[in-house]
Amino acid sequence: FVISATSGAGKTTLSNHLLKVFPNLVWSVSATTRPQRKGEIDGKDYYFLTPQEFEKRIAQNAFLEYATVYGGSSAKSYGTLRKPVEMAISSGKSLVCEIDIQGFYLIKKNYTGKVVSIFIKAPSLEITKERLLKRGTNTLQEINERLETAKEELKHQNDYDYVIVNDNLEIAKKEIEEIFRKNL
C-alpha cells in the first residue's frame, strides 16, 4: 500500500491507525536527511541519515525509490530502503509505505507486485496552512514552500486508486479501513 498526501493532511495519523487495526501490516520506515523531531525514534519513525550517508546508499542501489523535496534552503531527501520492504513481503506481510508523489511514480514504474495507492488531502489549502502552523515544526518559509508543493501534488491525485479528503478524522479512518479491507 502506498499512501501519499499533501503536508498536514493526516497521513501519519491515518497510517498509525491502520497499523493498530490490521495486525498483518508492516510499516515501511523511510530514510530521510531531515532533522529528527522531538519524540521521533531513529529506526522506528525514520532512518535519520546525513546527506553523505544518503548519497552512499543511493550509490549502493539500496533504495526502491528516493527523492529530494521542498527545494531551496529546506531541501530534504527521503527514500524507501529496498531490504526491509523485500523482507516484509517475503514473510507474507502487507506493507504500508508513506511516500511522496515522486516516489509513488517510481514504485508504480519499478515494482512488479500489487500496489494499492491512496492519496490523502486536507479539504483546502487554507486548512493545510492552519494545520502546519498548529504543528509548530516548520518556519513560515517552509510552510509556504509546502503549500506551493501541495498545489502541484493535488494535480496528481487522480493517478491514485483512491482519494480521501481528511475533513473529519473519524470519517477518514473509516474510509481508509474500508480500502484496506477490500485490498488485503
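Is Phe104 buried or exposed? Select Phe104 and you'll find a buried residue, with a relative accessible area of 1% (buried is under 20%, exposed over 50% and partly exposed in between, using a 1.4 Å probe and protein chains only).

Before going on, a word on the model. This is a predicted model, where local features need pLDDT of at least 70 and side-chain atom pairs count only at pLDDT 80 or more, while totals for chains, interfaces and linings use all residues. Residues are numbered from 1 along each chain as its sequence is written, and side-chain values use heavy atoms, leaving out hydrogens and water.

Now colour by pLDDT (the predictor's confidence in each residue, from 0 to 100). The chain averages 90, and 97% of the residues score at least 70. Elements here are DSSP runs numbered from the N terminus: helices are H or I with at least four residues, strands E with at least two.

Phe104 sits in helix 4 (residues 101-110) and Tyr160 in the loop between helix 6 (140-154) and strand 9, 56 residues apart. Rings of Phe, Tyr and Trp (its six-membered ring) pair with centres within 6.5 Å; planes under 30 degrees apart are stacked, over 60 edge-to-face, the rest tilted.

Show Tyr105 and Phe119 too: with Phe104 and Tyr160 they form one aromatic cluster.

Last stop, helix 1 (residues 11-21): Leu14, Ser15, His17 and Leu18 are buried.
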